Amino acid sequence: MTALTVPARPREGARLRPVPWRRMAWVTWRQHRFALAGVAVLLGALAVYLWITGLQMHHTYATACHPARSLACAENFTGQYGITAILVSILLQAVPPLIGAFTGAPLLARELETGTFRYAWTQAFGRWRWTLGKLVLLAVAVTAAAGAFSVLFSWYNQPFLAAGYVVPFSTRVFDLRGVAFAAWTLAAFAIGVLAGMLIRRVVPAIAATLAVYAGLAFVAALWLREHYMTPLLSSQPNLPGSAWVVNQWYTKGGTFAFPAHGSRFVSAVTRLCPQNSPVSPSQCLAQRGYSQWSSYQPGSRFWPFQWIEGGWLLALSVLLIAVTIWLVRRRAA
Amino acid sequence: MNMNVIEASGLGKRYGGTWALRECSLAIPAGHVAALVGPNGAGKTTLLNLAVGLAAPSAGGVTVLGGLPAGSPEALDGIAFVAQDTPVYRNLSAADMLHLTRNLNRRFDQSYARARLNELGISLNRKAGRLSGGQQAQLALTLALARRPRLLVLDEPVAMLDPLARHDFMATVLAAMADDGVSVVLSSHALAELERVADYLILLSQGRVQVAGEVDDFIAGHRVLTGPAAEIGTLAERSVVHVRRAEAQAHLLIRAAADDPVPPGWESHPVSLEELVLAYLREPGAAALPGPAREPSEVTR
């Protein structure tokens, strides 16, 4: 040590502790309470409706449906409530995209549009931690709310399943039950957040979120879902009522003959079976040595399918959120 | 305090195909109110965004507070930034904004912030979006100062304000400077305002540093010579920044000290900062004062 040695100014950074995460909870609540209140009001109002009509429905089901698939049940229960249940399930399909678009899309887009990100991202909390904190808290909040809501819907829907009015794999209710509803809500939120970061304006980001979500939901329901597991094959004409028939076709002598639907089926039937035949087309084809095959997903696969759908949606959401945070770290101003 | 609050070397930022800032090397020492001046599009906001870590450089590098990487947690901790148009969350009350800022920082002087807002007559219950432009700017400045930063960075802080609000805003900045020794870097178009507050000047033009140095040295190093326009040729060897002709008279802004000899037939006058800045802005090719030698940010052991 000599007098010439200048003591190195201790770098404050060496012992700098970051601002604690828990402070982000207050910040998130304060800034997003109206969005969260909106979600609560939307789900709350729907829940009250489901609860009130559900109670009546369950009562009617208990009195009218002995046994569950009787004529009395069809007349007094499904006949009375079926249309309402269909409308409700269609309406509920719009809930996840609405939550995603109105909580997720403005989250970053509003900051970028109004310039407040210049304030938020220059505070000592640090911008990627700020983004991560908000995203995780809000994602957990909306996912949990959606999960709780779908439990209520499952209860509401239960009599229709029991009466055989709807099958577990029905496109209309599959993604409203189990873990799928929460997973779709999370995915909508993640899509919204990324759209907001990329587009940087609230209204276009909301529109983009709704469009992307609709595309993804259609693709999943119409093409992806039937491939989650290899379908079972059966040559039985009568499949269990809960089965989801993926495809049907006819074979003769062990080789494919024609599909069991569409124009090739119609032309085969008119060629092989006379118009005034006393037997039904399928019996007629069976008499002529054709056997009908079906590939189907049995109703017992409902939960594996739920977990597969929930799993890939969760992975997608985590990926989208990670990309968003990466963009926030990297790109700005 | 013997450090540079902002130090850039070969700093450049490109947006798409155009360079908003290029080849920028400068060192702004601590303990000053440093003014960043330049025409629109000169790269002032870009430079400040780079310094506070909002943007990442396309070329070169920038450090702050004696060698901290811009945008690092340590740097964010020591710098408070008030952006152009002083953004605040419009739907939050002033009290919420204080609480928000307190929660996002390690240090926050709540009693100072409350006292100042009280002094300014800004009600804590008022939504930030319902405050006047001047009050919003004061709120943003109060939030920044209550963080007790070592460096305060202000981007066009007074552009939207009326003269009275400008005066009050700058008075607050100067008071903080005097009380806490906070260094200030601000960009502004309001040249008259700068003359009152700034003691260090950086002139940016077309994305490059044209002038950097202490205001007093800058003013003392220039004179205006007034004389017959016909005799301009005799001054050819002088270092002339800008020539203004008025009828038979010519006004030459030259680089010279007050006691430099004046050629016969010419008169020498001191020059104001505003005149000087305008002359340099009109002559983007002229450069002056490379500024202090850049000090190594690491202290030799």
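Modeller: What follows treats the helix pair, then the contact between the chains, and then the confidence.

The model is a predicted one, and the pair in question lies in chain B, where the axes of helix H4 (residues 110-120) and helix H5 (residues 133-146) come within 9 Å and cross at roughly 160 degrees. Because an angle over 145 degrees counts as roughly antiparallel, H4(B) is roughly antiparallel to H5(B), and the crossing of these two helices is right-handed. On the H4(B) side the contact is made by B:Tyr112, B:Ala113, B:Arg116, B:Leu117 and B:Leu120, while H5(B) contributes B:Gln135, B:Gln138, B:Thr142, B:Leu143 and B:Ala146; sorted by class, the contact has six nonpolar, three polar and one charged residues.

Turning to the contact between chains, 28 residues of chain A are in contact with 25 residues of chain B. On the chain A side, helix H1 (22-64) and helix H4 (117-120) are the elements that give two or more residues, with H1(A) supplying the largest share, five residues. That side divides into 13 nonpolar, nine polar and six charged residues.

As for confidence, chain A averages a pLDDT of 89, and 94% of its residues score at least 70. Over residues 1-13 of chain A, however, the pLDDT is below 50, and this stretch has eight contacts in the model beyond near neighbours in sequence. Where pLDDT is low, the predicted coordinates should not be read in detail.

How values were computed. Residues numbered from 1 in each chain as written. Chains lettered and ligands numbered in written order. Predicted model: local features only at pLDDT ≥ 70, side-chain atom pairs only at ≥ 80, totals over all residues. pLDDT = per-residue confidence, 0-100. Contact = placed C-beta atoms within 7 Å. Axes fitted to C-alpha atoms, helices over the stretch in contact; angles between N-to-C directions. Helix = DSSP H or I, 4+ residues; strand = E, 2+ residues; numbered from the N terminus. Parallel < 35°, antiparallel > 145°, perpendicular 65-115°, else oblique. Left-handed = near helix turned anticlockwise from the far one by under 90°. Nonpolar A, V, L, I, M, F, W, Y, C, P; charged D, E, K, R; others polar.
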